[in-house]
Amino acid sequence: MDKPMDFRDEFINKIRLASLDGHNFEEEEFFSEVSELLEGAGILDNIEYSPYRNSTRGMRVDGYAWNELEKTLNVIVSKYSGDESVPTLTQTELEKLAGRVGRFIENLGSDSFLESLEVSSDREVADQLLKFLPDTHKIRLVIYSDYLLSNRVKKIKNEPILDKPTTVEVWAIDRIESLSQADGEGEPFTVDFVGICGGLEVLPANTSEHGTKTFLCVVPGNVLSTLYDEYGQRLLEANVRTFLDFRSGVNKGIRKALLTEPENFFAYNNGLTCTATDIKLSEQDGQFMIQSLENLQIVNGGQTTASIYFAPREKGGIGNYSYRDIDLTKVFVQMKLTVISNADILDEMKSNISEYANTQNSIQKSDLVSNHPFHRNIEKLALSTSMPAVNGVSTKWFYERSRGQYNTRLRPLTAAKQRQFKAEFPTSQKFSKTDMAKYENTWRMRPFEVKKGAQANLKLLGARIAEEFEQDEDNFKHIFYRELIAKAILFKEADSAIFTSNWYREQSGFKAETVTYTLSFLRHLLLKKGEDLNLDRIFRTQSISEELRAEIVNLGLFIRERILDPEFRNGVANPSEFCKSAKGWERIKRLEYALRYLSSADVLSSSQQKEAAEETKELKAAGHQIDDFEAISKITEGEWRKIIEFYISQGYPPFHKNVTLSEKCLGIRSGKTVPTDNEMKAALQIRKRAYDQGFDYAD
């Protein structure tokens with residue numbers, strides 16, 4: 001049995017288990033799993049599951065994703081079997097699937113067709129696509145399938161839909177596997193510069209001993225535009241801010257320069273900073289040429305790249321100049337390229353390059369998402385924190401700070417070691433950055449942000465957490481992690497409870513909206529009374545009580561009825577759009593509802609909250625001592641000696657505490673001396689002050 005089939009068996013088994021757990025129907029779970037992979041890789045953002053079926057008319061849609069940056073409307077259809085035997089996806093089947101989606105989009109211009117749609121998810125997907133179509137530059141038909149792609153399939157060509165360029169993108173099981181197993185954030189891809197421009201002239205800059213090479217080159221504007229047209233946001237390093245629009249001053253300036261002084265663009269622009277994992281070079285008359293690059297990523301210069309692509313496509317202009325007249329053949333951009341072939345240092349190097357390249361811009365630390373200390377801290381706590389034993393078995397949760405880390409851990413292990421790893425870190429207890437953001441922002445009672453989509457919600461929460469973390473990182477340590485796991489359990493079990501409820505079985509739909517709004521409203525109601533949910537109980541039992549489950553099911557019905565009530569939505573036609581607005585949440589908050597099922601053990605009174613706060617304060621103090629000792633233990637004797645020399649050179653006498661306490665720290669790693677808690681805290685401050693005053697050290 002070949003490798004893709006092994007992967008397929010495991011993938012489908014995961015879907016079935018999730019379905020049995022009560023989260024989704026199998027087909028919807030398949031859609032969700034593939035969507036999560038594509039969102040994590042930055043290939044599609046904010047994917048919405050919104051199915052439409054009409055076999056009589058030969059139409060089908062499973063979901064959509066609007067790319068505001070690329071002005072691309074992605075309409076998704078899935079082909080799922082779940083069979084043990086592996087079906088093959090043929091050219092004919094692909095064209096048939098694409099045709100079903102295409103017919104649905106084409107019929108959106110028919111009033112009679114729209115009137116025939118039920119006021120439900122059918123009408124929702126139609127309304128959403130109609131909203132995006134006027135601004136759409138390109139349509140992409142995306143096909144998900146657990147079938148194996150036939151070797152005979154050629155590139156699927158599709159006629160324009162509604163006079164808009166249309167492409168077909170296929171994610172069959174073999175490509176899904178490739179993305180799932182890929183190290184890093186995105187799908188591996190090769191940029192063929194020979195095919196694009198006959199090769200790109202390049203000047204080698206330097207080579208390091210650690211598997212990195214640096215090059216300098218000049219990229220023609222039309223080449224950069226072609227690259228963006230082909231790969232879009234896949235070129236943009238996931239940790240860097242995305243291009244917003246031409247309303248910002250920076251982007252307006254770029255566009256103006258492209259229009260009025262294209263020949264001077266090279267002089268005005270800072271250029272691009274890029275990375276790749278491999279390079280293929282050729283030499284022509286002593287000149288090196290890039291033939292191809294593996295996994296090209298723009299870590300600085302995303303706005304420049306997107307501006308060069310979009311500016312000539314914009315309406316309007318400046319004075320007598322039209323943006324459509326921008327001549328990209330006169331535009332050139334410098335590029336600094338670092339090729340990092342050593343996979344062991346890839347993440348760290350990309351992080352450093354990204355951070356240093358962006359220091360001159362007003363980029364927040366929250367934009368460097370994966371490598372922010374908050375995420376590294378959660379990852380560390382996940383690997384070290386065991387859950388309370390349930391039925392005699394203790395497990396841990398696995399935090400995927402970067403996409404694919406779970407599989408990366410598994411891959412080199414033997415079959416026996418893999419079973420052991422999965423027993424310690426069950427797949428059902430794996431969660432990603434976007435999962436974390438969903439759980440945390442629901443708890444913070446911001447369901448309208450959760451419904452803006454996984455990546456948008458992460459970015460909104462990330463900005464707040466980055467600021468809070470900078471103010472006091474102690475709020476995001478052991479206690480926060482325990483509560484985060486309780487929030488995850490609460491969300492997952494609420495999702496399951498609503499899905500398996502009688503009322504949801506009778507009329508399904510809008511589950512995602514219902515879950516986040518139900519939990520947010522539940523907490524809002526409790527806080528109004530000075531109470532709160534008991535997260536500690538959920539963590540200790542690793543589940544929610546039957547009373548809390550009953551409350552969620554009944555409150556969920558109440559919330560879903562309001563979401564679907566056009567009168568309650570007060571003029572907002574689409575339920576999903578209503579749920580994405582802060583005004584929608586404000587209307588929900590004004591509702592009256594009497595909680596009936598919660599037990600006293602599920603709720604913390606105001607006095608219990610004060611007791612819990614005192615306990616948290618004590619645990620923080622204990623945590624400080626552990627953290628200080630760990631930090632002190634990592635500092636070498638050589639560094640402490642240099643710190644002593646630094647302070648003496650600055651005129652400090654030998655008896656000053658900056659010197660004596662540093663001397664005491666010399667013996668910590670060997671166990672000769674053990675400073676007190678206060679001395680460790682003071683020593684760390686002494687070391688910090690030395691660096692603040694100009695000291696530096698390299699081992």
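In this predicted model, confidence within the protein chain is highest in helix H23 (residues 546–564), with a mean pLDDT of 97, and lowest in helix H12 (residues 346–357), where the mean is 64. Across the protein chain the mean pLDDT is 86, and 89% of the residues reach 70 or more. Two stretches have pLDDT below 50. One of them covers residues 239–247, with 33 contacts in the model beyond near neighbours in sequence. For residues 359–368, where the pLDDT is also below 50, the corresponding number is 22 contacts. Where pLDDT is low, the predicted coordinates should not be read in detail.

The packing of helices H2 and H6 was examined next. Two packed helices are described by the angle between their axes and the distance between the axes. For helix H2 (residues 26–40) and helix H6 (residues 173–181), the angle is about 50° and the axes lie 10 Å apart. The crossing in which H2 passes H6 is left-handed. On the H2 side, the residues in contact are Phe30, Val34, Leu37 and Leu38, and these meet Ile176, Leu179 and Ser180 of H6. Sorted by class, the contact of H2 with H6 comprises six nonpolar residues and one polar residue, with no charged residues.

Two individual positions were also considered. Lys256 belongs to helix H9, which spans residues 249–260. The relative accessible area of Lys256 is 48%, so this residue is classed as partly exposed, the limit for exposed being over 50%. When neighbours within four places in sequence are left aside, Lys256 is in contact with Glu261 and Ile318. Between Lys256 and Ala311, a separation of 55 residues in sequence corresponds to a C-alpha to C-alpha distance of 9.1 Å.

Asp565 is located in the loop between H23 and helix H24 (566–569). With a relative accessible area of 31%, Asp565 is likewise partly exposed, because buried requires a value under 20% and exposed a value over 50%. Pro575 is 10 residues from Asp565 in sequence, and the C-alpha atoms of the two residues are 8.5 Å apart in space.

Notes
Residues numbered from 1 in each chain as written. Predicted model: local features only at pLDDT ≥ 70, side-chain atom pairs only at ≥ 80, totals over all residues. Heavy atoms only, no water. Axes fitted to C-alpha atoms, helices over the stretch in contact; angles between N-to-C directions. Helix = DSSP H or I, 4+ residues; strand = E, 2+ residues; numbered from the N terminus. Left-handed = near helix turned anticlockwise from the far one by under 90°. Contact = heavy atoms within 4.5 Å. Nonpolar A, V, L, I, M, F, W, Y, C, P; charged D, E, K, R; others polar. Buried < 20%, exposed > 50% of the residue type's maximum accessible area, 1.4 Å probe, protein only. pLDDT = per-residue confidence, 0-100.
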